[in-house]
Structure formats: C-alpha cells, structure tokens
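Subject: Structure for you to take over

Hello,

I am handing over the structure below, followed by notes on what was found in it. Please read the notes with the structure open.

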Amino acid sequence: MRNCRQESCQAVSPAAAELAALRRLPAHQAEVHFPPACRSLVLSLAGNMRCADCDGPRPEWASVSYGILLCVQCGGRHRSYGVQSSRVKSIDMDAWSHDQILAMLEGGNDQLCRFFDRHQMTDTAMTCRRYKTKAALFYRTNLQKHVRDVGTQSKVYPGREAIRKAISRRTESSSSSSSSSALTRQSSMQTIHQQGIAAN
Ligand SMILES: [Zn+2]
C-alpha cells in the first residue's frame, strides 16, 4: 500500500476490521468488550497513557463524551457530573458500541487538552468547572457529530490521519471552487480544532 505510514497500516487495519465486524452484529448484540486492536490504537493516541485530568498513570476509565481516558479517581468525578456532561465507561469492564469506540479513536487526551488550552482552561482550578462550560458542550457536540459523519461516510474506518487529510482536502477544494463560505462547510473536527468560542 502506498504511503504506508505508522498509523495508517499496521495499527488501523486490525482496528478497522474489528469495527466492521461490530457493525455487522444484530442490534441486540451491538455492544461488546473493547476490541483489542481498537484498544491498542486508542492507547497509542497522544496523551492517552496518562489521565486527561490529573496526568496520573494507567488511565483505565473513559469519558465517551470527550473520547478521553481517565484514572479511577477522575473517572469517579466525571460520573458525578452526570451523563449529560460526561458519560463514563470502563475500558475493561463495560460493553461498548461501534460509535462509542469510534469516539475514543477520534478523540484523545492531547486533542482535548489542546482545546482547553486554547480556551485558557488548563489551570487546576478549572479542572472540574471546565466540563460544565459552553466550550465543553461545544466540544462533545462536535465530536459526536464527527463520529456520526465518519460512521456514515466510511464503510471501513480509514484512521485519524486519513480522515483529517480528507477533511482538509474537501475544505481546500470547496473554498477554492465556490463562492459559498468555507466555514459553513467546515467539518465538526475542524470546528473543534480551529474555531474559537466563548469559554463559559
Ligand atoms: Zn486522574
């Protein structure tokens, strides 16, 4: 395969096969233990070897709402926010749907940390409050929309790099070939990365 980069071939293909198998399951069986290749891929994402909130080691809990990994203490705190603000699951003990796994593959601790950084929400004092801000709502809404788009547009999961390149190409082509605003065509993922919003 051409341009067989680190993420695109060795790690993504087995994870994509697991996701494809999960999509073929009947609805009543559509939640499974976190598949091993998907798990490895999630753990390989930037920042995912440490808790997104306290930087503690071996995060084994997740907030599906943000696609992040958390330690047990921070996972417990997220649970107290309520599922509307943060849906917490165990990587090892809970059952996961296709879209929830995709949220973990398309989210990542580093990505959320950079988002909070742009909104000046990385202070320890903000750690609890930031998940109840408009910025956090904005992030989780756009991540969910992005996951839905990836799920409907790709029969086989192509990996983060391929998805981001395709989005980039689409935006370049729409902004150069049409007078309509590129922003209106901007994907949810680009919105997460680029657009500034009110912080709280
Ligand atoms: Zn923690």
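To begin with the cysteines, the structure holds 0 disulfides. In general, a disulfide is a covalent bond between the sulfur atoms of two cysteines. Please keep in mind throughout that this is a predicted model.

Overall layout

The protein chain has 8 helices and 5 strands. Along the sequence they come in the pattern α-β-α-β-β-α-β-β-α-α-α-α-α. The chain is 200 residues long, and 46% of them count as buried.

The zinc site

Which atoms of the protein hold the zinc ion? The donors are the SG atoms of C51, C54, C71 and C74, which lie 2.3 Å from the ion. Along the chain, these donors are spaced as C-x2-C-x16-C-x2-C. The angles among the 4 donor atoms run from 104 to 117°, and the site is tetrahedral. This geometry follows because four donors count as tetrahedral if all angles lie between 85 and 135 degrees.

C71 and C74 are both buried. For C74 the relative accessible area is 5%, so it is classed as buried. C54 has 43% relative accessibility and therefore counts as partly exposed.

The sheet

Three strands make an open sheet in the order β3-β2-β4, and their pairing is antiparallel. At the edges are β3 (68-70) and β4 (88-90), each of which pairs on one side only. From one strand to the next, the twist averages 35°. Strand β2 covers residues 61-63 and is joined to β3 by 3 bridges, the two running antiparallel.

The loop between α2 and β2

D55 is located in the loop that links α2 (36-44) and β2. Most residues other than glycine have a negative phi. D55 is not a glycine, yet its phi is positive, at about 70°. With a relative accessibility of 48%, D55 counts as partly exposed.

G47 sits in the loop between α2 and β2 as well. At 39% relative accessibility, G47 is partly exposed. How far apart in space are G47 and D110, C-alpha to C-alpha? The distance is 4.7 Å, although 63 residues separate G47 and D110 in sequence.

Helix α2

The buried residues of α2 include A37, C38, L41 and V42. Viewed down the helix axis, the buried residues of α2 fall within an arc of 140°, so they line one face of the helix. On the face turned away from that buried side, α2 carries the exposed residues P36 and S44.

Helix α4 spans residues 98-106 and is mostly covered, with 8 of its 9 residues buried. The buried residues in α4 are H98, Q100, I101, L102, A103, M104, L105 and E106. Just after α4, G108 has a positive phi of about 120°.

Helix α5 takes up residues 109-118, and N109, Q111, L112, F115 and F116 are buried in it. Down the axis of α5, the buried residues fall within an arc of 165°, so they line one face of the helix.

Like D55, Q120 is not a glycine. Its place is in the loop between α5 and α6 (134-153). Is Q120 buried or exposed? Q120 has a relative accessible area of 63% and is therefore exposed.

Where to look

For a short tour, start at the zinc ion and its donors C51, C54, C71 and C74. Then follow the sheet in its order β3-β2-β4. Next, find G47 and D110, whose C-alpha atoms are 4.7 Å apart. Finish at the loop between α5 and α6, where Q120 is found.

Regards

Definitions and conventions: Residues numbered from 1 in each chain as written. Predicted model: local features only at pLDDT ≥ 70, side-chain atom pairs only at ≥ 80, totals over all residues. Heavy atoms only, no water. Disulfide = S-S within 2.5 Å. Buried < 20%, exposed > 50% of the residue type's maximum accessible area, 1.4 Å probe, protein only. Donors = N, O, S within 2.8 Å, 3.2 Å for Na, K, Ca; no water. Tetrahedral: all angles 85-135°; square planar, octahedral: opposite > 155°, others 65-115°. Helix = DSSP H or I, 4+ residues; strand = E, 2+ residues; numbered from the N terminus. Arc of directions from axis to C-beta. Pairing = 2+ DSSP bridges. Axes fitted to C-alpha atoms, helices over the stretch in contact; angles between N-to-C directions.
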